[in-house]
Amino acid sequence: MLRLRKKEIKDGIIYYYYQIEDKGEWGELFYNPKTDQCGWIKLAENDDDWYDKYRGHAYCRLMEYYKNNNYPEKELVAWG
């Protein structure tokens with residue numbers, strides 16, 4: 001499970017904060033639709049650079065937000 005919270009959309013780049021399992025410090029992600037590039041600015045607490053399970057789900061959401069032109073202020077993402 002992860003939480004997403006919108007930071008801003010600036011110069012066409014979408015920025016969101018993310019938090020893993022409702023614990024610890026928030027990290028920061030981005031999606032640039034012009035280059036189709038996703039990345040992180042700051043890893044959330046308990047996230048690892050080499051294992052992107054949580055970030056992968058978050059990146060998919062950011063791309064979906066862009067595709068649907070819908071940017072929720074916050075969202076809870078869970079999977080089974």
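Predicted model: local features only at pLDDT ≥ 70, side-chain atom pairs only at ≥ 80, totals over all residues.
**Exercise 1.** Determine whether Glu-28 is buried or exposed, and identify the residue whose side chain joins that of Glu-28 in a polar contact of 3.0 Å.

*Solution.* 
1. Glu-28 belongs to strand β3, which covers residues 27-32.
2. The relative accessibility of Glu-28 is 10%. Buried means under 20%, so Glu-28 counts as buried.
3. The polar contact of 3.0 Å links the side chain of Glu-28 to that of Lys-7.
4. Beyond neighbours within four places in sequence, the residues in contact with Glu-28 include Tyr-15, Tyr-17, Trp-40 and Lys-42.

**Exercise 2.** Identify the salt-bridge partner of Lys-42 and state which parts the pair ties together.

*Solution.* 
1. The partner is Glu-25, with the closest N and O atoms 3.0 Å apart.
2. Lys-42 lies in strand β4 (residues 37-42), while Glu-25 lies in the loop between β2 and β3; the pair therefore ties together parts 17 residues apart in sequence.
3. Lys-42 is partly exposed at 38% relative accessibility, and Glu-25 is partly exposed at 48%.

**Exercise 3.** Classify the accessibility of the residues in the salt bridges Asp-47 with Arg-55 and Arg-61 with Glu-75.

*Solution.* 
1. Asp-47 and Arg-55 meet at 2.8 Å, N to O. Asp-47 is buried at 10%, and Arg-55 is buried at 3%.
2. For Arg-61 and Glu-75, the closest N and O atoms are 2.5 Å apart. Arg-61 is in helix α1 and Glu-75 in strand β5, so this pair ties together parts 14 residues apart in sequence.
3. Arg-61 is partly exposed at 22%, and Glu-75 is partly exposed at 22%.

Notes
Residues numbered from 1 in each chain as written. Heavy atoms only, no water. Helix = DSSP H or I, 4+ residues; strand = E, 2+ residues; numbered from the N terminus. Buried < 20%, exposed > 50% of the residue type's maximum accessible area, 1.4 Å probe, protein only. Polar contact = N/O pair within 3.5 Å; in protein donor to acceptor, adjacent residues only side chain to side chain. Contact = heavy atoms within 4.5 Å. Salt bridge = Lys/Arg side-chain N within 4 Å of Asp/Glu carboxyl O.
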